[in-house]
Amino acid sequence: MTLRPLNPNTKNAPAEMYRAVEGLGVWEHRGKVAAVGIGHSPADRRWDGTIEKSLGAYAIIAANKCLEDAGVTAGQIDGVVTVPNGMGDPWGPDRPYFEAPYDTEDGLSGVTADWLVNNVPGLDNVQFKMHGPGCMANAMNVAAQAVGDGLAHTVLVVRATGNMPGRYHQSGTPSGDLTSGPATWEALWGWPGGIPQFGAGFVEYCNKYGSNHDRLAPFVVNLRTNGLLMPEGYYAQNRAEPFTVDDYLNSRWISKPMSMNDCDMPIQNAVCYLLTTAERAKDMKQKPVYILGHATHNGKARSVYQTLEETEEWTSSVANKLYEASGLSPADVDVFNAYDGFTLFTQYYLEAFQWHGVKRGEAHDFYQEDLSVKGPHPLLPSGGNNGSGRTRYWHYTDCIQQLQGRAGPRQVNIKAETAVAGGPLPAGGNWMMFGTSPD
Amino acid sequence: MPKPAPTPDELTKPFWDACNERRLVVQYCSTDQRYQYPPAAVCEACGSGSNLTWREVSGRGKIVTYTIMHDARQRTFHADQPFNIAIIELEEDSAIKLFSNLPGTPIDEVPVGASVQLEFEEVHTGQLVPEWRVVN
C-alpha cells in the first residue's frame with residue numbers, strides 16, 4: 001500500500017501574510033481582530049488506532065467545543081485555517097486505512113482545512129480556506145492577518161497533532177551505512193536533527209554567562225506544576241503526579257546537557273480557536289481578546305552550527321518586530337508564554353523579550369525566583385509543552401484565558417491585560433501579542 | 001568510532017578527493033572574500049557560483065562548544081553511545097564550523113576553547129573524512 005497524502009487542495013499562506021522584517025511599523029489591523037472561543041479535544045499519550053480517537057475526530061471535537069464556547073453556530077463561520085501536518089509520523093503506508101473520510105492521512109496524521117470543512121457538521125458557508133503549515137503559531141498569524149485583511153470575518157483556527165503507536169519519529173530515521181546530500185555534513189558525526197544543536201547551544205550559553213543545566217530545575221518543575229492546573233492538558237488528565245527537582249536532576253541524558261525532561265512529551269490532541277473581527281466579537285459569548293500584533297522570524301546559520309550569537313540576534317529581532325507591531329514595550333507585557341518544548345530554549349526568548357526586565361545572561365538567575373502562577377513572576381502559566389504535552393499551542397490557550405479572566409486556578413495574580421505567545425525555534429517561528437483592549 | 005560513509009556528488013567531489021589526499025579544502029568566494037561550509041552551488045552572500053573556488057586551509061582550529069550524544073537518531077551510532085560531538089571553528093575564519101567526535105577525548109572532558117589539529121579517519125568505503133584531535 002502506498003502512503004495516501006493529505007488533501008492538497010488548500011494552499012499555504014503566501015509569505016506576505018507573515019510580518020517577517022523589522023521596520024513595518026504598527027500592525028495595520030492592531031486591535032481590529034479578536035480571539036474569542038477555545039475548544040480542546042481530550043489529550044492522550046498515543047493514538048490507539050480507533051477512528052474515535054484519531055486526529056480528525058479530535059479536530060471535530062475541538063471545533064464544536066470552540067463554536068459552543070464562543071456562542072457561534074457553524075453556519076456563521078466563513079473561514080478555516082489549519083496547520084495541516086501533524087508532528088508525529090504518518091499512519092501509512094504499512095498500516096491499513098479506514099473507510100472515508102479516514103481513507104487517507106487526512107484525518108489520521110494531519111487535518112487539512114478541506115477535511116475539516118467536509119466533516120464538521122454545518123460548516124456550509126466557508127469561503128476562505130488556508131493553511132499555516134508548521135505550528136499553531138503560523139496558523140494564528142495567518143488567520144489574524146486574513147481577518148484583518150477582510151478575507152474572512154469569523155475563522156476557525158485548528159491544529160491537531162498526534163503520536164502514533166511505537167517510538168516517536170523513527171520512520172525516516174537515517175540508519176544506513178551511507179549518507180548523501182546536505183545531511184552528509186551532519187550525519188557523519190551523529191548530528192542529524194535539532195537535538196544536538198540544542199544541547200551544544202546551551203553549553204555555549206552556560207559558558208558565556210556562567211550557568212549550568214541544574215539551574216533549570218526550578219523552571220521545569222514550575223512548568224510541570226502549572227501543567228497540572230491546565231485541565232485541557234495531558235498530565236492533568238492522565239498523570240496528575242507531582243514532579244520534583246530530583247525527578248529533573250535524575251532524568252536520563254539525551255544530548256547532554258539536554259535530558260529527557262527537557263523535552264516535551266508527544267501526545268495526541270487537537271485545538272480550535274475562533275478569531276473574528278473586533279466588531280463581531282462584541283456579540284459573542286466570551287470576552288474578546290484583541291490581537292495587537294504578530295511577527296515572524298526566519299534565521300539561517302552561517303555554517304553547520306547555529307551559534308549563540310545568531311540565536312540571540314534572531315530572537316531579539318523577532319521581539320523587536322512584535323513590540324513594533326503592537327506599539328508596546330517590554331514593561332507593558334503582563335503574561336508571557338514563550339515556547340518551551342525544549343526547555344533549553346526558553347531563556348533565549350525571555351531575554352529577547354526582556355519580560356520582567358530580564359536581560360541577556362540573566363534568565364537562569366530569574367529562574368531561581370518565584371515563578372508560580374500566584375507569585376510576582378508567573379512565567380509560562382500555561383505550563384507550556386513541557387507541562388501539558390507536545391502541541392505547541394497551550395501558550396495561546398493560556399494567553400486567551402488569562403486575558404478573559406477564566407484561567408481558573410492558573411489565573412495569575414499580577415495584572416493580565418496583555419500577553420505574548422509564540423515559538424517554536426530560535427531559528428524561526430511566529431509570535432503574537434494579545435490585549436484586553438483594542439487601543 | 002564507525003561512521004557512515006559520504007556519497008560524493010558533482011558538487012562535493014573536490015572536497016572528498018582532497019580528504020583522500022589528507023587535505024582539507026573549503027569553498028571560498030573571491031568576490032566576497034568569504035569562506036563557505038558546507039559546500040553549495042553558489043555563494044550565499046552574492047548568489048553567484050562563478051567566483052567560488054576550493055581553498056586549502058591549515059587544519060588548525062578551536063573547540064567552540066559540544067554536546068554528548070546519549071540517544072542518537074541514527075542507529076549507526078547506537079553502539080558507541082555516549083559520544084562527543086564538538087563544534088570546531090577554523091583558524092582561517094571563525095564563522096566556519098565543522099563537527100568532530102574528538103577522537104582521544106573522553107566524554108565529559110571536552111576542553112572548550114582548546115586548540116585542535118585536523119586528522120583523517122577512514123570509513124568503511126575507504127573514504128577519508130575529517131576529524132579533529134585536541135592539541136596538548
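**Close-up views of chain A, a predicted model**

**View 1. A:Gly423 stands opposite A:Asn430 in strand β12 of chain A.** The two strands here are β11 (residues 418–425) and β12 (residues 428–435) of chain A, which pair in the antiparallel sense over 8 bridges. Strands (E, at least two residues) and helices (H or I, at least four) are DSSP runs, numbered from the N terminus, and two strands pair if DSSP finds at least two bridges between them. This is a predicted model, in which local features need pLDDT of at least 70, side-chain atom pairs count only at pLDDT 80 or more, and totals for chains, interfaces and linings use all residues. Residues are numbered from 1 along each chain as its sequence is written, chains are lettered from A and ligands numbered from 1 in the order in which they are written, and side-chain values use heavy atoms, leaving out hydrogens and water.

**View 2. Nine strands of chain A form an open sheet with mixed pairing.** The edge strands, β3 (128–131) and β10 (335–338), each pair on one side only. Neighbouring strands are turned by 25° against each other on average, direction ignored.

View 3. Contact means heavy atoms within 4.5 Å; axes are lines fitted to C-alpha atoms, for helices over the stretch in contact, with angles from 0 to 180 degrees between N-to-C directions.

**View 4. The largest pocket has a volume of about 1,100 Å³.** Of its 40 lining residues, the closest to the centre are A:Tyr168, A:Cys263, A:Asp264, A:Pro266 and A:Arg390. Helix α5 (residues 195–209) of chain A gives the most to this lining, with 3 residues. On a 1 Å grid over the protein atoms alone, a pocket is an open set of points where a 1.4 Å probe fits, with protein on both sides within 12 Å along at least five of seven lines; lining residues have an atom within 4 Å of a point. Grid points are joined across faces, edges and corners, and a volume is the space filled by probe spheres set on the points.

**View 5. The second largest pocket has a volume of about 560 Å³.** Among its 31 lining residues, A:Glu186, A:Gln197, A:Ala301, A:Val304 and A:Gln306 are the closest to the centre. Helices α4 (184–187), α5 and α10 (308–326) of chain A each supply at least two residues of the lining.
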